[in-house]
Structures are given as structure tokens and as C-alpha cells.
Amino acid sequence: MNTEQMAVLNAVKSMTASFHEGNLDGVMNSYEKDAVIVFEPGKGVSDAEVIKEAFKGWFAVNPHFEYAGHDVVISGDIAVHFAPWKMNGTTPDGQKIEQSGLSVAVLRRQEDGNWLMVIDNPYGAALLEQ
């Protein structure tokens, strides 16, 4: 990967690290103000308060994500990040959960050079499963 691709990858990894830590501010700071996040296949959410509550719900299962690889494609100030993922967690009542999918995230380079997510769809493989 070149330097810009690594910058995009690092933005995604930073968000994932904040997610693992349960750091809501760190997670939210990974997104543009009007970003759309898909918390279930086919249903994007852009309301910041709804997004915060959804992330808090995910934090309750103490999730841990692992990526099987990364691909980053950049055109100008827009990037697309693709990554197959697996997640393990435990519900508050002790039940183990496992999920997997294909993350497809669109990021935009900001004026300060940082990359922020504009669209985050961890269910990019859902169409293949129909």
C-alpha cells in the first residue's frame, strides 16, 4: 500500500481500536458529521444520537473484531476500504456471539489531511447471501 492507502487504513484501525476500548468519542470522531452507518443490512442511519445509542449497545457485548485483510482504493479525496471481518463478543447475560461480514467503508480526506468515514457498511456481503 502507498502512503495515502495506509492513512485510510490507519483511520479504520483507529476507529476499530476506539470501538474495542468502548471509547464513544473516539468512534464518533472517526466519522464525518452526516455519516451514514449500517447497523443492520439495508438500513443506514445518519442521526448522530441514534448512532451513539447503537454503538453503546454494541459496547455492551464487549466486541472484538478481526480483519482477514484490507483493500483500499482511492480517487482524489474519496477512498473505499474493503475488509472481511469476524467479531466475537459476550452478551450481558453471558451468551457468546459471533458474526462475520464484509466491511465496505467510504472515507473522505478532510482539509487537514485526515480521513473520516462517510459511509460505513459492515454488511457488504449481505447481497451475496440472498
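Me: How far apart are the closest N and O atoms where arginine 109 forms a salt bridge with glutamate 4?

Reply: Before we look, note that this is a predicted model, in which local features need pLDDT of at least 70 and side-chain atom pairs count only at pLDDT 80 or more, while totals for chains, interfaces and linings use all residues. Residues are numbered from 1 along each chain as its sequence is written, and side-chain values use heavy atoms, with hydrogens and water left out. A salt bridge has a side-chain nitrogen of Lys or Arg within 4 Å of a carboxyl oxygen of Asp or Glu. For arginine 109 and glutamate 4, the closest N and O atoms are apart by 2.5 Å.

Me: How many residues apart are arginine 109 and glutamate 4, the pair that links distant parts of the chain?

Reply: Arginine 109 belongs to strand S6 and glutamate 4 to helix H1; helices (H or I, at least four residues) and strands (E, at least two) are DSSP runs numbered from the N terminus.

Me: Is arginine 109 buried, exposed or partly exposed?

Reply: Buried means under 20% relative accessible area and exposed over 50%, with partly exposed in between (1.4 Å probe, protein chains only). Glutamate 4, at 30%, is partly exposed. Arginine 109 has a relative accessible area of 22%, so this residue is partly exposed.

Me: How many salt bridges does a search of the whole structure find?

Reply: Another one of them is formed by aspartate 34 with lysine 33, whose closest N and O atoms are 3.6 Å apart. Searching the whole structure gives a total of seven.

Me: Which residues have the most contacts inside the largest nonpolar core?

Reply: Such a core is a set of buried Ala, Val, Leu, Ile, Met, Phe, Trp, Tyr and Cys residues joined through side-chain atoms within 4.5 Å. The largest one here has 29 residues, and those with the most contacts inside it are Phe19, Tyr31, Phe55 and Leu107.

Me: Which residues does tyrosine 31 touch, not counting residues up to four places away in sequence?

Reply: Contact means heavy atoms within 4.5 Å. Leaving out those sequence neighbours, the residues that tyrosine 31 touches are Met15, Ile37, Phe55, Leu116, Met117 and Asp120.

Me: Which residues lie nearest the centre of the largest cavity?

Reply: On a 1 Å grid over the protein atoms alone, a cavity is a set of points where a 1.4 Å probe fits but cannot get out, and lining residues have an atom within 4 Å of a point. The lining of the largest cavity draws at least two residues from each of H1, S1, H3, strand S3 (64-67), S5, S6 and S7. Of the 21 lining residues, those nearest the centre are Met15, Tyr31, Phe65, Asp120 and Pro122.

Me: Is lysine 86 buried or exposed?

Reply: Lysine 86 lies in strand S5. Leaving aside neighbours within four places in sequence, its contacts are His64, Phe65, Glu66, Gln99 and Ser100. With a relative accessible area of 58%, lysine 86 is therefore exposed.

Definitions and conventions
On a 1 Å grid over the protein atoms alone, a cavity is a set of points where a 1.4 Å probe fits but cannot get out, and a pocket is an open set with protein on both sides within 12 Å along at least five of seven lines; lining residues have an atom within 4 Å of a point.
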